[in-house]
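This briefing covers pockets, their linings and the nonpolar core. Please look over the sequence and the model before reading on.

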Amino acid sequence: MGAAETKNEKNQTAVDETNGLSVEEKNLIRSSWEQIMKNKRKVGVDVFVRLFTNYPKSKELFEQLRDIPTEDLRNHKKMKAHALRVMASLNSVVESLDDLEILGEMLQNVGRTHVLHHVEKHYYDSLAVVLLEAFEDELKDKFNQKTRNAWTKAYGAMEKVIVEAYGDA
């Protein structure tokens with residue numbers, strides 16, 4: 001192994017102290033996200049159907065969706081619209097992994113708006129579970145342990161910023 005290869009490996013594993021992600025982890029997030037975005041509406045709807053199925057009380061937070069039977073949500077225009085808005089927001093997060101000032105402001109805004117909608121902090125843990133499940137279903141074997149770990153670490157960092165914003169609201 002040459003010196004250039006060793007230096008490149010160190011660059012890939014060096015952790016960004018501000019967000020805790022290595023270059024390799026950011027690349028895994030970006031490449032998996034690129035695949036997810038090819039089917040963003042389906043994945044986005046799947047996330048929320050899973051959320052409402054696995055955590056039924058979460059559906060009560062969605063005034064425009066709460067009276068629609070969960071089994072009918074996959075084809076409902078309001079569900080599709082909300083899912084696409086969330087996926088667009090996640091896309092902005094992924095695109096801003098290296099712009100921490102903007103990323104922080106976006107995530108703080110998510111926290112401030114969700115506290116106004118009375119979203120309790122524990123729902124972010126529930127969302128993490130179904131988000132990773134939906135990603136794994138979409139990506140199959142491409143969602144390997146390294147990719148899962150990268151998303152888990154990134155989501156944990158994002159959740160921390162979002163929840164901290166609850167105190168500012």
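Which residues does Phe52 touch, not counting residues up to four places away in sequence? They are Ser58, Lys59, Phe62, Leu65, Thr70, Leu73 and Met79. The model is a predicted one.

**Nonpolar core**

- The largest nonpolar core has 44 residues.
- Those with the most contacts inside this core are Ile29, Trp33, Phe48, Phe52, Met79, Phe135 and Trp151.
- At least two residues of the core come from each of α2 (23–37), α3, α4, α5, α6 and α7.
- With nine residues, α6 gives the most to this core.

**Largest pocket**

- The largest pocket holds about 860 Å³ of space.
- It is lined by 32 residues, and the closest to its centre are Phe48, His82, Val86, Val110 and His114.
- Each of α3 (40–54), α4 (77–95), α5 (100–116), α6 (122–139) and α7 (145–164) supplies at least two residues of this lining.
- The largest share of the lining, nine residues, is from α4.
- By type, the lining of the largest pocket has 21 nonpolar, nine polar and two charged residues.

**Second largest pocket**

- The volume of the second largest pocket is about 170 Å³.
- Its lining has 13 residues, of which Asn19, Leu100, Leu103, Ala157 and Val161 are the closest to its centre.
- Both α5 and α7 supply at least two residues of the lining of the second largest pocket.
- This lining divides into 10 nonpolar, three polar and no charged residues.

Note on methods. Residues are numbered from 1 along each chain as its sequence is written. This is a predicted model: local features need pLDDT of at least 70, side-chain atom pairs count only at pLDDT 80 or more; totals for chains, interfaces and linings use all residues. Side-chain values use heavy atoms; hydrogens and water are left out. On a 1 Å grid over the protein atoms alone, a cavity is a set of points where a 1.4 Å probe fits but cannot get out, and a pocket is an open set with protein on both sides within 12 Å along at least five of seven lines; lining residues have an atom within 4 Å of a point. Grid points are joined across faces, edges and corners, and a volume is the space filled by probe spheres set on the points. Helices (H or I, at least four residues) and strands (E, at least two) are DSSP runs, numbered from the N terminus. Ala, Val, Leu, Ile, Met, Phe, Trp, Tyr, Cys and Pro count as nonpolar, Asp, Glu, Lys and Arg as charged, and the others, Gly among them, as polar. A nonpolar core is a set of buried Ala, Val, Leu, Ile, Met, Phe, Trp, Tyr and Cys residues joined through side-chain atoms within 4.5 Å. Buried means under 20% relative accessible area, exposed over 50%, partly exposed in between (1.4 Å probe, protein chains only). Contact means heavy atoms within 4.5 Å.
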